[in-house]
Amino acid sequence: MAAELAKLGHPMLAALLTVGLSAPVQAETPPQASQPAQEAPLAEELELMTEEETVSIASRYEQPISEAPANVYVITDEDIRQSGTIDIPTLLRRIPGMEVMQTTGAMFNVAVRGDNQVNANKLLVMVDGRSIYIDMQGTVQWKLLPVTLPEIKRIEVLKGPASAVWGFNAFDGIINIITKSPEEIKGTTLQFGGGNFGTITGSAIHAGTAGKLGYRLSLGTNQNASWTNSSSLAFRDNLFNVQTEYALPADAKFTLSGGLVDSNRFDGQFAPDLINPIKPAQGYVYSGYERPNFFVRAFWNYYSDTTGTTFNPLLAPFFQPVYRSGTSTNYFAANTYNIDAQHILELWPGNRLTYGANYRYNTLSSTLVANFTTENRLGLFVQDEWRATKVFTLMAGARYDMDTFINPTISPRVALMYSPAADHTFRISASVAYRPPTMIETNAIGQTTTPFSPVPITTQGNPNLNPERIISYEADYQGWYFKHR
């Protein structure tokens, strides 16, 4: 294991132990088979190894990767087990075109195709289709994801804009972390790891079914030391998550889930002139009704953060922040309320029409904004997939978005796929995507005192900012070469 970890270049985990407990499976006595029958299991295993992955991230419904209208990559649960990684950003380093930058023991920045930066803000990240992108400041707290690694079924990564169906913030790409159903992880799973840099990680998961009801319960904890002081923690969190599913007639189901992640130590973004210890926490409640070709989903996300930002001791005699709270800390309290619906119609053989709507309401209360701030978002989208011939498929769609801070936007996408042979696809596409200004960018206000100025220096947001826009053109090929005989 140590050799494998060294090969992967991950310094933080030296040992990982996973124990799974579930109902026993009764063994069967193998029949006295002939030679061809004995080779059948090997053939089935090879078939499984070469089976093409399906994804839902590109078109908002399940389809083989080769039929997706965008560049999609999949990390499976087996990939996660074999990787030896202890967090998702490190796992994402395996994907070509992904850029993962870690600036402190707790803070990661993830982006696609050369667009990474401190406080990276152009990648939409979801867990089971629920956005965990923090709208109020446009970031993702990668070390505070409300899911443990053993719960993950697969991670779908789309590289390139996808606002046409997913709306704002699907600017550079999308990551959707899909968890296992209670049936898929039935039983009890315990995982523990530890290593250098003060690394400790652990999780406990129990899942099962009772009639039509399925449930999954998980607990987790993680910590690691500071880069500058190995005897001081850079990060520690505890998480709790529960998911229930109830089977309904006609292959429908109702889902209710919720969770909380809390950190009592978190080194913020690196800055040469500032010290940024923060204490963020995230919670959510999610519910959804799904049946074939239709769903309605709603969720509430909560994010809070207390930060004691101060200047570097060498600069402290000359610069000091002025906090509106009257204390030495800033705080953030943000809420996101979201509801979306989608319906798929098979208009005729070879033609599939998808349409839907989404409404989101964001609120922010903070010492960094002058007043309680709100934001309304409404989006409508439509997409049509037409298999014109056996080898040509055309997909076109557009989304209309309205936002409190900007004028309405239209995000179109068109893709043409050519499949001259099985398992070989050529694809060209063009798309437009937007990232609107955040509530911090439009409403922030802060002051700094200095002996060099008779009045405090004021920093203020701009309510007249325009959204960022990207126009993307892509051409790519995807093929599968290995097939058993």
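How many helices and strands does the protein chain have? There are 6 helices and 30 strands, where helices (H or I, at least four residues) and strands (E, at least two) are DSSP runs numbered from the N terminus. This is a predicted model, in which local features need pLDDT of at least 70 and side-chain atom pairs count only at pLDDT 80 or more, while totals for chains, interfaces and linings use all residues. Residues are numbered from 1 along each chain as its sequence is written, and side-chain values use heavy atoms, with hydrogens and water left out.

Of the 485 residues in the protein chain, 48% are buried, meaning under 20% relative accessible area with a 1.4 Å probe, protein chains only. Among contacts (heavy atoms within 4.5 Å) with a separation of 6 or more, 60% join residues 24 or more positions apart. The accessible surface, from the Shrake-Rupley method with a 1.4 Å probe, is about 23,400 Å², and carbon and sulfur atoms hold 59% of it.

The structure contains 3 cavities of 30 Å³ or more. A cavity is a set of points, on a 1 Å grid over the protein atoms alone, where a 1.4 Å probe fits but cannot get out; its lining residues have an atom within 4 Å of a point. Grid points are joined across faces, edges and corners, and a volume is the space filled by probe spheres set on the points.

Strand 23 (351-366) is among the strands that supply at least two lining residues, and its 3 residues are the largest share. By class, the lining has 8 nonpolar, 6 polar and 7 charged residues; Ala, Val, Leu, Ile, Met, Phe, Trp, Tyr, Cys and Pro count as nonpolar, Asp, Glu, Lys and Arg as charged, and the others, Gly among them, as polar.

The second largest cavity has about 210 Å³. Of its 23 lining residues, Ile134, Gln282, Asn301, Tyr302 and Tyr303 are the closest to the centre. This lining divides into 13 nonpolar, 8 polar and 2 charged residues.

Strand 7 (123-127), which supplies at least two residues to the lining of the largest cavity, also belongs to an open sheet of 5 strands with mixed pairing and the order 4-9-10-7-8. Strand 4 (71-76) and strand 8 (130-131) are at the edges with a single partner strand each, so one side of each has no neighbour in the sheet. Two strands pair if DSSP finds at least two bridges between them; strand 7 and strand 8 have 2, in the antiparallel sense. Met126 has Ser131 of strand 8 as its bridge partner.

Conventions:
Buried means under 20% relative accessible area, exposed over 50%, partly exposed in between (1.4 Å probe, protein chains only). On a 1 Å grid over the protein atoms alone, a cavity is a set of points where a 1.4 Å probe fits but cannot get out, and a pocket is an open set with protein on both sides within 12 Å along at least five of seven lines; lining residues have an atom within 4 Å of a point.
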